[in-house]
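Subject: Structure handover

Hello,

Please find the structure below. Have a look at the sequence and the model before reading the notes under them.

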Amino acid sequence: MSSQVQYINPDGLSKNPAFSQVVTTHGNGKTIYVGGQDAVNAQGEIVGKGDIGEQTAQVMENLQAALWACGATFENLVKLTIYIVQGQDLYRGFQASQKYLGHLKNPPAISGLFVSALARPDFLVEVEAVAFVAGE
């Protein structure tokens with residue numbers, strides 16, 4: 001059985017270049033679940049205190065490292081869930097993410113939620129991801 005990922009934007013739903021409405025996977029392969037990534041560098045320091053753009057960039061760097069460790073890239077993403085602390089500038093965070101996601105031919109399905117707080121008071125954004133790498 002061959003492995004396949006299908007990105008679907010059905011008629012009747014809006015078509016947005018930043019995300020896909022539906023993603024399906026089937027066949028042989030590896031599904032990767034990445035837990036919520038915050039703006040913490042490899043030394044355990046918070047990056048970009050008070051700056052949603054800097055924090056988003058660090059979160060994306062962390063996500064990239066997690067994917068690479070599993071033999072995946074942003075191209076393998078099928079789902080992102082983004083948690084943003086209420087009151088933050090969503091557009092600044094989106095702009096920062098486009099360096100990493102803006103080139104994707106098939107962007108993942110994305111859910112974004114405003115929350116009152118994250119695990120630490122200095123965290124402004126957290127992203128969890130699901131990726132699929134087709135088997136051979």
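This is a predicted model: local features need pLDDT of at least 70, side-chain atom pairs count only at pLDDT 80 or more; totals for chains, interfaces and linings use all residues.

Residues are numbered from 1 along each chain as its sequence is written, and side-chain values use heavy atoms, with hydrogens and water left out.

The sheet: four strands form an open sheet in the order S3-S6-S4-S5, with mixed pairing. Strands (E, at least two residues) and helices (H or I, at least four) are DSSP runs, numbered from the N terminus; two strands pair if DSSP finds at least two bridges between them. S3 (29-37) and S5 (109-115) are the edge strands, each with a single partner strand, so one side of each has no neighbour in the sheet. On average, neighbouring strands are turned by 10° against each other, direction ignored. Axes are lines fitted to C-alpha atoms, for helices over the stretch in contact, and angles run from 0 to 180 degrees between N-to-C directions. Strand S4 (residues 77-85) pairs with S5 in the parallel sense, over seven bridges.

The helix: H1 (residues 52-69) lies across S3, S4 and S6 (125-134), at about 30° to S6.

The residue: Ile84 is in strand S4 and stands opposite Phe114 in S5. Is Ile84 buried or exposed? Ile84 has 8% relative accessibility, so it counts as buried (under 20% relative accessible area; exposed is over 50%, partly exposed in between; 1.4 Å probe, protein chains only). Not counting residues up to four places away in sequence, Ile84 touches residues including Ile52, Leu90 and Leu113 (contact means heavy atoms within 4.5 Å).

Regards
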